[in-house]
Amino acid sequence: MSVLAEAMIVNAVVLFAVLQADLGQRRKIGTFRLFRPLILAALIVPVFMTALTGQGRPLKLEVGGVFVGLIAASLMGVYRDPQTARPVSRAGAGYATVWVVIIGARAAFSFGSHHWFGASLARWLMHHQVSADDITNTLVLMAVAMVLTRTVAMATRAATLPLPVRLAVRV
């Protein structure tokens, strides 16, 4: 399978998984919803990663993935369902737009690196001593960082929700 096909698969899987899990009103925040991104990351990283960089420009992009994950998480409401008092989330068009734009930009970069600006990208990679594997790994880690950051933020917000008055009195 080509590197471009692999990148497009990662993009599609991440976008589908996040939007399917998060879009809508009163999306239950349960064990499966919190662990599915960990399972997704555990499957994606070994299949599509070649080596970790952990420094320089690739690291900055990976940190960028965490930042974008926080932006997306800030567009998701986390609250207690009035009927069940269990944590639920709400995400709408703004949340979906962030994910579609970021994943779309990643897909456009992947496609463009093969069809539009491959020669200039190759010169930039050589000049800055960055390998093509570094770029691939960075894009994979950025996607995983976005998903995991969104999950940790959602779980943290759900865990810190105050108990409703009627439940707090019984305890």
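Select the lining of the second largest cavity to begin: the residues there divide into 9 nonpolar, no polar and no charged. For these classes, Ala, Val, Leu, Ile, Met, Phe, Trp, Tyr, Cys and Pro count as nonpolar, Asp, Glu, Lys and Arg as charged, and the others, Gly among them, as polar.

On a 1 Å grid over the protein atoms alone, a cavity is a set of points where a 1.4 Å probe fits but cannot get out, whereas a pocket is an open set with protein on both sides within 12 Å along at least five of seven lines; lining residues have an atom within 4 Å of a point. Grid points are joined across faces, edges and corners, and a volume is the space filled by probe spheres set on the points.

You are looking at a predicted model, in which local features need pLDDT of at least 70 and side-chain atom pairs count only at pLDDT 80 or more, while totals for chains, interfaces and linings use all residues. Residues are numbered from 1 along each chain as its sequence is written, and side-chain values use heavy atoms, with hydrogens and water left out.

Next, select the largest cavity, with about 60 Å³ of space. Its lining is made up of Ala17, Val18, Ala21, Arg33, Arg36, Pro37, Leu40, Val147 and Arg150. Two or more of these residues come from each of α1, α2 and α6, and α2 supplies the largest share, 4 residues. By class, this lining has 6 nonpolar, no polar and 3 charged residues. The count of cavities of 30 Å³ or more comes to 2.

Now colour helix α2 (31–48). This helix has 18 residues and reaches 26 Å from its first C-alpha to its last, close to the 26 Å expected at 1.5 Å a residue (1.5 Å times one less than its number of residues). Within α2, Arg33, Pro37, Leu40, Ala41, Ile44 and Phe48 are buried (under 20% relative accessible area, with exposed over 50% and partly exposed in between; 1.4 Å probe, protein chains only). Their cover includes α1, β1 (24–28), β3 (87–91) and α6.

Move on to arginine 106, in helix α4. Why does arginine 106 count as buried? It does so because its relative accessibility is 6%. Not counting residues up to four places away in sequence, arginine 106 touches Val10, Asn11, Leu139, Val140, Met142 and Ala143 (contact means heavy atoms within 4.5 Å).

Then go to the largest pocket, with a volume of about 410 Å³. Of its 24 lining residues, Val3, His114, Ala132, Ile135 and Thr136 are the closest to its centre. Helix α6 gives the largest share of the lining, 7 residues. By class, the lining has 14 nonpolar, 7 polar and 3 charged residues.

From the N terminus on, the elements run α-β-α-α-β-β-α-α-α-α. Of the 171 residues, 41% count as buried.
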